[in-house]
Amino acid sequence: MYRNRLLISFGLLVMFCIVQAVAAFWSSGIAAYHVERGRVSNQMLAEFIALGADKQRLKVWLAQYLLTNDAPLAERDKLLAQMELSLSNLQALLVNDQQLSDDEQDHHEVNRQVRALSILETNIFALKRSLLEKETITLSEAEIWRLLIQTFDKLEGLDLKSLIAEAIELQRQRAAKAEAAAVNALSKVRTIVMSLAVFGSLTAVLLALLLLKALYLPITRLLEGTSAVATGNFTHRIAELDDREFRNVATSFNTMSAALEEARQAELRHTLEIEQEVSSRTAQLKHALEQLKQAEAQQKQFFADVSHELRTPATAIRGEAEIGLRGKEKSADEYKETLKRILDASAALSGRIDDLLMLIRGENSMTLLDVKMVPLIELATELVGRARREAKVQGRELRLHFDDTIEMSEHRIQADTGKLLQVWQILFDNAVRYSPANSALDMVVCITDNQFEFSITDYGIGIADYELNNVFDRYYRADNARKLRPDGLGIGLSLAKYLIEQHQGRIQVKSNLNQGTTMTVKIRVEAAPS
């Protein structure tokens with residue numbers, strides 16, 4: 001894990017800092033040790049030199065005193081005090097030097113200096129005693145000079161001058177050695193510190209490069225992912241690495257991208273739904289507008305047809321009345337004939353008006369239906385009788401197939417007999433109007449699958465295939481029907497369909513252009529109670 005790498009790197013740096021600090025402390029201790037040895041050696045050298053110089057000055061004072069008897073005693077006392085102080089300082093410095101000695105040669109050299117210092121102390125004390133007792137000695141001046149000179153330079157057969165010179169030379173060598181050791185120690189300290197600094201820097205750089213290398217790839221992938229998301233590519237996914245931290249980041253990023261992609265897809269679906277809804281509503285509005293335009297055109301055509309339909313019987317009534325009133329007086333039979341024609345025209349006009357009212361009332365005219373449960377055989381018989389009479393009046397051959405079996409007599413139907421006869425009349429009138437005058441008509445009255453069925457087939461102008469879906473629309477008339485009979489209103493089949501639907505039935509049309517048309521009505525029946 002990257003966190004472990006960071007902790008290890010941090011631990012290595014801390015450990016290295018501790019090692020560097022320990023090394024620096026140790027090196028500084030070594031350097032301080034050698035510097036201290038050098039200082040002690042130099043001070044001892046200085047004290048030995050000062051001691052030899054003071055002893056020589058005291059010797060000069062003594063010579064002056066013996067020759068002139070004019071040397072100040074204070075100078076003697078001063079030099080003796082300085083020599084005693086040097087001895088005391090040398091004694092303390094030798095103690096420090098013994099403590100700082102680190103090998104056999106150092107101990108040997110320190111012992112030599114201790115021996116020399118002991119001899120010098122004895123000599124200095126003897127010299128001091130001799131100088132202080134000089135005034136009580138009864139010897140001659142020459143003997144006193146010889147005694148003091150011997151005390152200055154010889155002690156127990158030792159050459160003090162040589163002893164001091166050797167001590168100074170030895171201490172000078174030891175001071176030079178201590179200084180060289182101190183310089184060497186400082187050089188080593190400098191080398192160690194520099195080496196540790198270089199090694200630490202290289203280690204830090206190496207660790208930084210390793211951490212940067214481990215961090216570069218995940219950061220690069222994360223930046224690529226953020227750039228992809230910024231450009232709208234929510235399907236981009238970051239590869240999950242072995243490091244848990246980067247794997248968690250990649251997982252969170254991928255989860256966020258998936259959520260954004262899901263939100264975008266939901267938005268796209270919502271937008272598509274809105275567009276589809278707008279398109280559907282636009283299509284509906286367009287269709288409604290087309291229907292409105294078509295209805296407007298049909299309405300204009302309807303008003304024209306209504307005007308024509310109503311004007312024809314009205315004109316006939318007016319014409320018959322004018323003919324009856326014009327000219328000479330007519331017989332009663334002639335007036336009766338005129339009134340009969342006027343009555344027929346009025347009846348035709350009243351029928352047209354009733355058809356219009358029925359169509360205008362629409363669904364609200366349900367209350368106009370007088371629905372009753374009637375035996376099916378009675379309705380069928382009346383329908384067949386009406387068909388035969390109308391065919392005879394119109395001078396048409398009616399080929400009738402009437403299934404008056406026992407099965408029909410065992411069923412009944414919920415119907416308004418008058419309205420069903422009106423439907424049949426509409427279908428029969430259309431068959432007569434749109435077929436040749438000498439052509440036959442086929443009619444079938446039967447019961448199939450618990451449904452009462454009657455149909456009328458003519459062999460006239462027929463209906464084009466593209467117009468079959470519109471023949472039951474209000475005010476609609478086929479092109480060939482309009483050409484053959486321009487006086488129609490286009491409400492007969494619409495009214496027939498409405499009446500059949502009020503009986504929970506169906507009306508169907510089959511037609512071939514210029515070959516004929518078959519209109520079929522089916523209404524469900526139920527078995528008569530036994």
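## Packing of helix 8 and helix 10

Helix 8 and helix 10 cross in a right-handed sense, a crossing being right-handed if the near helix is turned clockwise from the far one by less than a right angle, and left-handed if anticlockwise. The model is predicted, so local features need pLDDT of at least 70 and side-chain atom pairs pLDDT 80 or more, while totals for chains, interfaces and linings use all residues. Residues are numbered from 1 along each chain as its sequence is written, and side-chain values use heavy atoms, without hydrogens and water.

The contact (heavy atoms within 4.5 Å) involves, among others, Leu379, Leu383 and Arg386 of helix 8 and Leu420, Trp424 and Phe428 of helix 10. Its residues divide into nine nonpolar, three polar and three charged.

## Aromatic pairs

The structure holds two aromatic pairs, defined by ring centres within 6.5 Å. In one of them, the rings of Trp424 and Phe428 have centres 4.8 Å apart and planes at 20°, so this pair is stacked (planes under 30 degrees apart). Trp424 and Phe428 are four residues apart in helix 10, and are therefore separated by about one helical turn.

## Annotated span

An unreviewed UniProt entry places a "transmembrane region" at residues 192-212, although such annotations may be inferred rather than shown by experiment. In the model, residues 192-212 are 100% helix and 0% strand, with their end C-alpha atoms 29 Å apart.

How values were computed
Helix = DSSP H or I, 4+ residues; strand = E, 2+ residues; numbered from the N terminus. Nonpolar A, V, L, I, M, F, W, Y, C, P; charged D, E, K, R; others polar. Phe/Tyr/Trp six-rings, centres within 6.5 Å; stacked < 30°, edge-to-face > 60°.
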